Amino acid sequence: MKILLIDPPFYRFIGYYNRYFPLGLAYLAAILRKEGHEVLIYDADCNVNPSKMDFARLEDSYPLYLDSVKDDNHPIWQEMRERLRDFNPDMVGISVWTTFAASAFKLASICKQYDKSLPVVMGGPHISIKYEEVLKICPDVDFLVRGEGEETLLELAKAIDKRWKEKNAHFNDIKGISYIRNGETAHNPPREFVKDLDSVLSPARDLLLNKDSYNSEDMGLLMTSRGCPYNCSYCATSIWERKTRYRSIDNVIEEIKLIMDKYGTRQFTFKDDSFTVNKKRVLGLCDRLIKENIKINWDCNTRVNLIDEEILKKMKQAGCNSIKVGIETGSEKILRLMNKKITFDQCRKAAKLFRKVGIHWTGYFMMGLPSETKEDIYLTLKFMMELKPDYASFSVYEPFPGTELFEIGIEKGLVQNERTLEDFCNISPKYYYVKDINRRVDTMDNKEFEELEFEIKKAFHKYNKGFTRLLSRARSRSKLYLYEPKILWDDLRKFWGWV
């Protein structure tokens, strides 16, 4: 079959930078191709002419996004129709994240307008949690893939190829899918997680449409593990059942070498939820990079309670030039609510270690959680100023399905448990599951909250524009600039979009 895998447009509509390629779709494409299918990955959100980079102000552009979704004649939707005509797929797969849901539903509609008999499949984080809701509100989707998609989508594609045009075709033998059967929603039993991640094929980056739109750094996105053992109340990683599975070091090194040879990549991103959960494994990977003289730089996400001086020194020696950690708040009360299982002393210790070892670090912070007061939010700003991260990322909390805070929000009357198709197309994504947009939090009125949000965002932006922090960022990437000057130009464009 000819299978078109699509990452819906979002950042493109509003002119924002959108780094990397759709990693999940590339994994799916690899296994589908191995079984003989002709596959194309269409990253409809790949933005070749972005102009904005200040993600703290992303929400300001949400009205433009919604207007674009509803505009049938928008150039991006016209492009979508052209891709369908050019490739003429036998099946379409669409990835769905909560924030981009309206765009994904619109894509499904366009696919059915092109050919009402074309099978449309959806998967991704939003689908894995809100599959019942999606089947009710999106009439243009035929199948939903829950959880890990490689084996499920492969079996589904095979079944569609053989049974789709049969009058009484059944799909009840495929684990991990949801669909409409005899007018009722049907949810087949879940599929077990892949036990041996080395058996999963490397992402098929070569199947990306318009590969020249990505630079070498974009192609350096990879995951060395899946899952997270922690259970932060704002995060939906609970779908992985708090288990972490690992690829072997040999398998990771093989992919790194492949990407270096094929795309000239020297800056990689390890997109694991918490890269240093297994200290012994990380030290082993670093030793291999050093022993084999694999001269790359890389960044990762981790937690302040999962680092020490030994591991940071080894990571830096192996090429790590940037680490991102979640600090989130300066309030003890809110930290307990988040269930992060970290302490402020661990945050302080981590900040000192990053500076001592000399690794650029980003701290993530947020505001707007249930029960959070104005005083709590000011404590967060104060704590950020105390820690002095090289970059301070700031966001406003959005209630996502599948999280503990989502359920708390329902109890407090702040969160709407279900939404309609009309809701997704007319409500700003930041309010998708907010019950009353004039009551975003339960401790202050909306006007006071918005004024405080503006004040805190302005303070973070001013902090990040400090000369020493800009210099730290440039230094962390200096080797990359020497190797590939084009990346320096790209970074300068991003900087201009940010300021």
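Modeller: Here is a close look at the cavities. The model is predicted: local features need pLDDT of at least 70, side-chain atom pairs count only at pLDDT 80 or more, and totals for chains, interfaces and linings use all residues. Residues are numbered from 1 along each chain as its sequence is written, and side-chain values use heavy atoms, with hydrogens and water left out.

Rolling a probe the size of a water molecule over the atoms shows where empty space is left. A cavity is a set of points, on a 1 Å grid over the protein atoms alone, where a 1.4 Å probe fits but cannot get out; lining residues have an atom within 4 Å of a point. Its volume is the space filled by probe spheres set on the points, which are joined across faces, edges and corners.

The structure has 3 cavities of 30 Å³ or more. The largest cavity holds about 80 Å³ of space. Its lining includes Gly-368, Pro-370, Tyr-397, Pro-399 and Arg-440. Leu-405, Gly-409, Leu-414, Val-415 and Val-434 also line the largest cavity. By class, that lining has 7 nonpolar, 2 polar and 1 charged residues. Here Ala, Val, Leu, Ile, Met, Phe, Trp, Tyr, Cys and Pro count as nonpolar, Asp, Glu, Lys and Arg as charged, and the others, Gly among them, as polar.

The second largest cavity holds about 40 Å³. Among the residues lining it are Thr-98, Thr-99, Glu-398 and Lys-430. Phe-400, Pro-429, Tyr-432 and Tyr-433 line it as well. Its lining divides into 5 nonpolar, 2 polar and 2 charged residues.

Methods:
On a 1 Å grid over the protein atoms alone, a cavity is a set of points where a 1.4 Å probe fits but cannot get out, and a pocket is an open set with protein on both sides within 12 Å along at least five of seven lines; lining residues have an atom within 4 Å of a point.
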